[in-house]
Structure formats: C-alpha cells, structure tokens
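Welcome! Here is a short tour of one protein model, taken a feature at a time.

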Amino acid sequence: LACTLTASLLLQASQASALGLLQAYEAALQNDPTYRAAVHENDAGQEYKALGRSNLLPQVSINYSASKNRTDVTAPNFLGQESTTHPQYNSSSGVVQLRQPIFNLDGIARYYQGVAQTSYSEAVFSGRAQELVVRVISAYADAQYAEDQLALVTAQRDAYAEQKRVNERMFQKGEGTRTDMLETQAKYDVAEAQVIEAQDNLATARNTLAAIVGADITHLDPMSDDFRVKPMQPAAFDDWKAIALEHNAEIAAQRYGVDAARQEINKSRAGHAPRLDLIASYSKNKSETINTFNQDSTVRSIGAQLSIPIYSGGYVNAASRQAVANHEKAKSDLDAKTNQTLVELRKQYSLVLSSATKIDALVKSVNSASALVEATRQSIKGGVRINLDLLNAQQQLFAARRDLAQARYGYLLSYLKLRNAAGTLGADDLRSVAGYFVAGR
C-alpha cells in the first residue's frame, strides 16, 4: 500500500503548508506505535511455520567429552598375591549423531499447526493494516471537523459582534432598543464560550492525530466544497455479505485459529502413536574406559529406532479432551466473529445509504438557512422582523452548516468502515477519500 502511494506523496510534498491525508498515512506507517507493534507481531508469527517444519527435518547433534582419570586397579601379581596400581590417563569421546523422523504423527501435527498459526498471523496483520487506514482517516477527519467547527463558531461570534455594533449605533440614533442590545450581547457571550470549547476540541483532536503520525499538527487540508457521494458498488447487501465472508481479515484469522486448534487435537492424540526414527552416528573414542586403556576406536553406525508409548499417567487422554474443548471454543469464536462482522457490515451499509440522503437534505437546509438570514435582514429594514429573528436565523444557519460538515465526515468514515468490514479496504480507497480534501488550500 505504501509503495502505491509514493507518487501521490511526492506531489503532496510540494504543498508544505498543510499535512495531507496521504502524507499522514505514510507518517503513520513509520511512527504509529500500534502499527509498529503489529509489524513485529507478524514477524514473530511468520516463524510458526518454520518451527513446525523443524519437527520433520533431521536433527544433528555433536557431543564431545574429555577427562583426566585416576584409577585404582587391584589384581593378583605373578606370585599370586593381590597388588594395587594407580594408573592415570586421559580419555576423550566425540560423537556426531543424525536423527531423521520417518513416522512421527506428533511432528506432522505440529507442522500443520505451524502453517495455520502463520496464516493466522498474516490475517491478523492484514486486519491491523486496514485498521490503520481507518484510524488515520478517522483521526484526520476529527481534527479537520474540529477546525471546521472552530471556524464556524468564530464566524458566528463575529457575526454577533457585528450585530452588536449595529444595535449600539441604532440605539445611539434612537432607532434601536436596549432589548436588542441585550439579546445580541447574550448570543455573543454564548458564542464566545463556544469558541473556547472549539479551541480545546481542536487541540485534543490534533494531539490524537499527532500521536498516530508522530509529528505536531498545525494545519490540515480542508474538505472540498465540491462534495459528491459515490454510487454504492455493489448495490445489494447480499453481495457485500458474500465479499465479507470471503475476505474479512478477522473472520479469516478465526478460521485459521480453528485449524490450529484442530491440529492441537491431532498433536495430543499422537501421544499414543509409535514413532520411528532413522539414526546414524559417527563416534571416535580414545581410552574411553579402563578396559580400553591406550586404545582408540572409531564406530560408524546406522539403524532405526522405534518408540511405542504405553502409559503416561493419563496425560495424553487429558490433553486430548482439553484440545477438543478448545477446538469447540474456537469454532464458537468463529461464529461470534462472523455475526459481529455482519452486524457491523449491515450498520455501515445502512449508514452509507442514509448519509447520501442526509447530505442532500442538509445542503438544501444550508441554502434555505442562508436565504432566511438575508430575507430577515431585509425584513428588519422594512420593520416586519426584529433583531431576535435575525439572531435566530443566523444560529439556524450555523447549525445547518455544522450538521452538514458532520454528515460529510460521517459518510467518509462509514464508507471506509464498510470496506474494512468487507475486507477490501486498500490504496484505491485511501486515494479516493483523499480526493475529498483540497491540498494546500
């Protein structure tokens, strides 16, 4: 994914004034602690296959020993009397041994279990990689939404400040009332408090994004005014369901977990199975015992060793029962994860569809609220409306703009979470969402 984004990142590099979405993702790949932990976890998981395969490959060992010996030897002499001697000598022994399993059910089960565990690790990492995309865009959208909210409440406060000045001038000319001034002052004070709250929310959102990308956030690319909802592809939920059941990383990981649990049963039951090994050795000894004092020997041997376990205190039966129970648990976990994923898929699918309708309605609401503010201003000049009507119209306009911004960000996140639940979230989706933000504006 990072490689496919290189060209886009180079283009954004020229826009040094703001942190683009693709730049944020590239930084998160390098600096996000959660993702780095997932990388190392996957690296460790890749070794399960090699660990399992080792049980089927030859085992070679070398043993060497050297010692200095002092022996008491009592034996009859030539006169028929016993005498004791104390010979001292050095001895050494070296052995090279090769053991190759020929029939080993435990080793076979460990190998297939290692394959399943490696595949499990890969599936988990795939899910973490897609999760990073969602986390980056979610944090980026939250930070940009906080910027938008600060801009909106600041504009609202400034509008109330301007209205307050108008009321004061009209009051000085005898055309306004003290009630108008108090109404505007009250709205202005509330807006000032909202600005402070929005500043705090923006700082928190930027700090959250900074923790992911590993850099301080000063400015982000704003959302484009030309916001268009993408057509749903595929359109039917059943198609999304089929895709999720096949490609969702968490479901795939649980399937591999079931496979690993099944091999644990085979591994436990192999405790009752015989084992046949081919053994070849080469040994070289010097004065190994007192009987071979001052003798060197070289032995080459090859043969087979058969081990038949008979009874191990009930361990094999207990381990087998435990493995069967864990296997049933793994299957239940798979069913639970599948149901959870499909619920999330249905939720995001519905949100994407409803968001499109909601955005269209809010666009009309913003246009209507803008027209209402202008009409109210004209009505005040004609004496038909009062100051409070304008303040309420302005507040309605800012609320509509806030709701529209929230709906747009919500749509983008729902779109990404839908693709993530389906297991198809990739570089094209990230670039597609990045297109909703205007670089360097």
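## Ground rules and a first residue

Contact here means heavy atoms within 4.5 Å. This is a predicted model, in which local features need pLDDT of at least 70 and side-chain atom pairs count only at pLDDT 80 or more, while totals for chains, interfaces and linings use all residues. Residues are numbered from 1 along each chain as its sequence is written, and side-chain values use heavy atoms, with hydrogens and water left out.

Let's start with K267, which has its place in helix α8; helices (H or I, at least four residues) are DSSP runs, numbered from the N terminus. Is K267 buried or exposed? K267 counts as buried because its relative accessibility is 15%, where buried means under 20% relative accessible area and exposed over 50%, with a 1.4 Å probe and protein chains only. If neighbours within four places in sequence are left aside, K267 is in contact with D106, A109, R110 and Q113.

## Aromatic pairs

Across the whole structure, a search turns up eight aromatic pairs. Rings of Phe, Tyr and Trp (its six-membered ring) pair if their centres lie within 6.5 Å; planes under 30 degrees apart count as stacked, over 60 as edge-to-face and the rest as tilted. The F227 and Y411 rings make an edge-to-face pair because their planes are at 75°, with centres 6.0 Å apart. This pair links distant parts of the chain, 184 residues apart: F227 is in the loop between α6 (178–213) and α7 (237–247), and Y411 is in helix α10 (residues 387–422). F227 is buried at a relative accessible area of 11%, and Y411 is buried at 1%.

Elsewhere, ring pairs join Y140, Y145, Y409 and F437 into a cluster.

## Charges over rings

A charge sits over a ring if NZ of Lys or CZ of Arg is within 6 Å of the ring centre and within 35 degrees of the ring normal. K164 lies over the face of Y188, 4.3 Å from the ring centre. Over the ring of F237 sits the charged end of R346, 3.7 Å from the centre.

## The largest pocket

On a 1 Å grid over the protein atoms alone, a pocket is an open set of points where a 1.4 Å probe fits, with protein on both sides within 12 Å along at least five of seven lines; lining residues have an atom within 4 Å of a point. The largest pocket has 21 lining residues, and G127, N248, E250, K337 and N420 lie nearest its centre.

Which helix gives the most to this lining? That is α5, with eight residues.

Notes: Helix = DSSP H or I, 4+ residues; strand = E, 2+ residues; numbered from the N terminus.
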